[in-house]
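Hi there,

Here is the structure I promised to send over. Please have it open while you read my notes below.

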Amino acid sequence: MTAPFKTDLEKTMTDKLKMAELTSEEARQYLTNDAVILLPMGSLEDQGTHAPMGDYLAAERVALDMAQAARDMGVATFVAPVIPFGGKDYFESSLGGMSIRTTTLVALLDDMIGQLHRHGLTKIMFVNGHGGNVPAITEVALRWRQKADMIIPSIYLWQVGYELLKEILGPEQAAQSSGHGGDPLTSVGLHYYPEILRPDLMQPAPKGRMFKGLDVAGFAAVKYDGARIQIPIEAIETAPHGVWGGDPKLSCAETGKALTQRLVAIGAGLIRDHVAKGFAE
C-alpha cells in the first residue's frame, strides 16, 4: 500500500511540539532559523478555592494548541519549557504560592532569548497567563528590539480572554462570570483539565470589603471620592478565597472550549502572518 502524500513541512517536521522532548540531533535538524518558538509562562498563586494554583498549566496547554494550529498552517512551531513562577505582586500572601522578583524574571527571560538568538532562533512569542509578568516581558522585549531589532510579541491570554468572553457569552453574562477565580481561567480549566478542579469548593466573590476605612476596589486598589487608587494591599486582604469580581459557578467547559478555540486561532494567525515572517513589512 502506498504511503499517503506528505507536504514539505511533514517531510521535514517531527510530531514533537515541546522543545524539551527533542533529542539533540532532532534539535539540530528541526530548530532552523525558520522555526517559531513560543515561550509560555504563568504563575503559582491562589486562583480560587476550587482551582489549581498553577495557571501556567493553562498557558502551556494554549501554547501547545497554538503551535499545532500554526503547524497545520505550514509554520514550524515549537514550545519552550513553561515558566511556572510569576513576577512578584500582591499574591505573595497565597499559601503554597511561589513567585520571583521582577529582576529575576527579567534576567531569566533575557538569558532564554539570548540563548535562542545565539542559534539563530529569533522568531519568538510570549504566551502569558499572569499580569505580574507583564513588566518583565515589556522590559525584555524592548531590550531585544533595541539590541538585535527583534520584535517579540506577547499574548496576555486572560486580558484578551475578557474581551472575547463578551462576544462568546454576551456583555451581561460575561460581566457576571468574569473575574479572578472565575472566567476566563475556571472555564479554561474545566475544558483542559476538569479532573483537577474542585467545583464543590467554590466560593463566591466577597462584597463590601474595606481596608483602613476605604472600599476595596480590586487587587491592590481602593476607592476614594469616586476614584480608583492604587494601594499596597495583599490579595488575601482583597479576596480571602481568591475570587474577585466574577462568580465561578457560572463557568463551564463549553465556554472554555469556545474561548480557547478563539485564543488559539488568534495566536496561530499572528504566528503565520507576522511572527514567522519576522514582522517584515
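Let me start with an open sheet of four strands, in the order E7-E8-E9-E10 and with antiparallel pairing. Two strands count as paired if DSSP finds at least two bridges between them, and both helices (H or I, at least four residues) and strands (E, at least two) are DSSP runs numbered from the N terminus. Strand E7 (210–211) and strand E10 (227–230) are at the edges with a single partner strand each, so one side of each has no neighbour in the sheet. E7 pairs with strand E8 (residues 214–218) in the antiparallel sense over two bridges, and the bridge partner of Met-210 in E8 is Asp-215.

A word on where this comes from: the model is predicted, local features need pLDDT of at least 70, side-chain atom pairs count only at pLDDT 80 or more, and totals for chains, interfaces and linings use all residues. Residues are numbered from 1 along each chain as its sequence is written, and side-chain values use heavy atoms, with hydrogens and water left out.

Another open sheet of four strands has parallel pairing and the order E2-E1-E5-E6. Its edge strands, each pairing on one side only, are strand E2 (77–79) and strand E6 (154–156). Strand E5 (residues 123–128) pairs with E6 in the parallel sense over three bridges, and Phe-126 has Ser-154 as its bridge partner in E6. Helix H4 (residues 102–118) packs on this sheet, touching strand E1 (36–41) and E5; contact means heavy atoms within 4.5 Å.

H4 also packs with helix H5 (residues 134–148), at an angle of about 40° and with the axes 9 Å apart. Axes here are lines fitted to C-alpha atoms, for helices over the stretch in contact, and angles run from 0 to 180 degrees between N-to-C directions. The residues making the contact include Leu-105, Leu-109 and Ile-113 of H4 and Ile-137, Val-140 and Trp-144 of H5.

Finally, the whole chain. There are ten helices and ten strands in the protein chain. Buried residues (under 20% relative accessible area, 1.4 Å probe, protein chains only) make up 47% of its 281 residues. Of the contacts with a separation of 6 or more, 75% are between residues 24 or more positions apart. The C-alpha atoms fill a box of roughly 70 × 45 × 35 Å, taken along the principal axes.

Best wishes

Notes
Buried < 20%, exposed > 50% of the residue type's maximum accessible area, 1.4 Å probe, protein only.
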